Amino acid sequence: MNKDTVTLKDILGDPLISQCWEFNYIHDIDFLMSAFDEDVRSLVKVHVVHGFWKREDPSRLALQDAASRYPNVNLHNAFMPEPFGTHHSKMMILLRQDETAQIVIHTANLIVRDWGNMAQAVWLSPRLPLMKSSQQDRGQEAKIGSGAKFKIDFLNYLRAYDVRRTICRPIINQLTKYDFSSIRGSLIASVPGRHKFNNSTTTQWGWAALEQALQAVPITPSKSSIAIQISSIATLGPTDSWLKNTLFRSLSGGKPTTSPTPDFKIIFPTPDEIRKSLDGYGSGGSIHTKIQSPQQIKQLAYLRPMLCHWANDSASGTQPNPDTPIKEAGRKRAAPHIKTYVRYGGNSDQTLDWALVTSANLSKQAWGEAVNGSTGEMRIQSYEIGVLVWPELFVEGVWEGEVPWVATGSYSELDWMGQVW
């Protein structure tokens, strides 16, 4: 049993796919190409965006060698201004022959192990149609959580790749023609560089994007918790200053602002859980933290009270409350490469306030840190991308830019039988 799973072939196997832009940290070109329908595999225009900027980098050379076997694969090296940053975003943009587009944001590297034997998460947008001429003439309110706001932020994210040279302009030009109004969610992304975090009129990045989006999200007025699942914990500092005053403060936002400060839980596997995983200790090569230096040992000390088991079936596991229902998804042996941040609470911990699926782990490089509070400047080192959703976005009856049918009205657009009204 492995409940509600999605495979790479489920996403890419549609024979109508005509173009694929694939963004990631690690890429297996053969694995990527094998997921396309065999009848169109050699016809799909594939663009792979990577972060291996050094010409002699073995990973870059291997990628070039693999791509040379496929004439329809084009490689693009992302602009990497930060020496310790990575191109960590995990995303695909799909264009189809039926004139629809789709955005896929997920947590897996584009390699066999990540998609086959590790726990991951994926967000798939609805199929986005081309805008009608009437939609192009009128602007839509770009409120947080709307498709209009998502489109603005998403295209601004892609524009960040073109700072030094043209990479994403072709796909940007195409996506501007599509209708994003069916999307419900807020884009939470990071791009490397220095950014102003006190300017609400532009797309925000990193923790500032999260803080801005959560201002629009209703949260439980009673006590709640935020569960963080990540596959890497970087060096955050010998004290919890950045964790509490930057990341946790951003995660704690919402409305009403008088809600109690949430508790934080960090789900991270133990050696026993890695040992028992599908790939044994091999899984551990994709899950990272360090406890060697004095600073890292101090970090472990302040993280330890928040750490929670992944599978929780070892001798040192925590016994759940006997009244707590156990829902088995069949993934405890799939080591966690997932990255999710979820706020829940209420009297029985059954209320879900919001959920974020993202490529961003627990690191300053991913979320950013303020470098000058007086000028409102922050520094981010890596590319990351994620989507924040909350229940209010999916309440039935909420339309964006829509009006009800009126039988006494006039409608010049043809119906499927070629008639007007």
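A residue counts as buried when its relative accessible area is under 20%. In this predicted model, Q212 has a relative accessible area of 16% and is therefore buried. Q212 belongs to helix α8, which spans residues 206-214. Beyond its neighbours within four places in sequence, Q212 is in contact with I144, K149, S200, T202 and Q204.

E141 gives a contrasting case. Its relative accessible area is 62%, so E141 is exposed, the cut-off being over 50%. E141 lies in the loop that links α5 (133-137) and α6 (147-159). Outside the four places on either side in sequence, E141 contacts S146 and A148. A360 is 219 residues away along the chain, and the C-alpha atoms of E141 and A360 are 28 Å apart.

An open sheet is built from 7 strands with mixed pairing. The strand order is β9-β19-β16-β15-β11-β12-β13. Strands β9 (186-190) and β13 (307-308) form the edges, each pairing on one side only. β9 runs antiparallel to β19 (residues 384-389), and 5 bridges join the two. Within this pair, S186 is opposite L388 of β19.

Two helices contact strands of the sheet. α6 lies across β9 and β19, at about 20° to β9. α9 packs on the sheet and touches β11 (224-229), β12 (263-267), β15 (340-345) and β16 (351-358). The direction of α9 makes about 115° with that of β11.

In α9 (residues 241-251), the buried residues are W242, L243, T246, L247, F248, S250 and L251. These residues lie on the same side of α9, because they cover an arc of only 165° around the axis.

Terms used
Residues are numbered from 1 along each chain as its sequence is written. This is a predicted model: local features need pLDDT of at least 70, side-chain atom pairs count only at pLDDT 80 or more; totals for chains, interfaces and linings use all residues. Side-chain values use heavy atoms; hydrogens and water are left out. Helices (H or I, at least four residues) and strands (E, at least two) are DSSP runs, numbered from the N terminus. Buried means under 20% relative accessible area, exposed over 50%, partly exposed in between (1.4 Å probe, protein chains only). Contact means heavy atoms within 4.5 Å. The arc is that of the directions from the helix axis to the C-beta atoms. Two strands pair if DSSP finds at least two bridges between them. Axes are lines fitted to C-alpha atoms, for helices over the stretch in contact, and angles run from 0 to 180 degrees between N-to-C directions.
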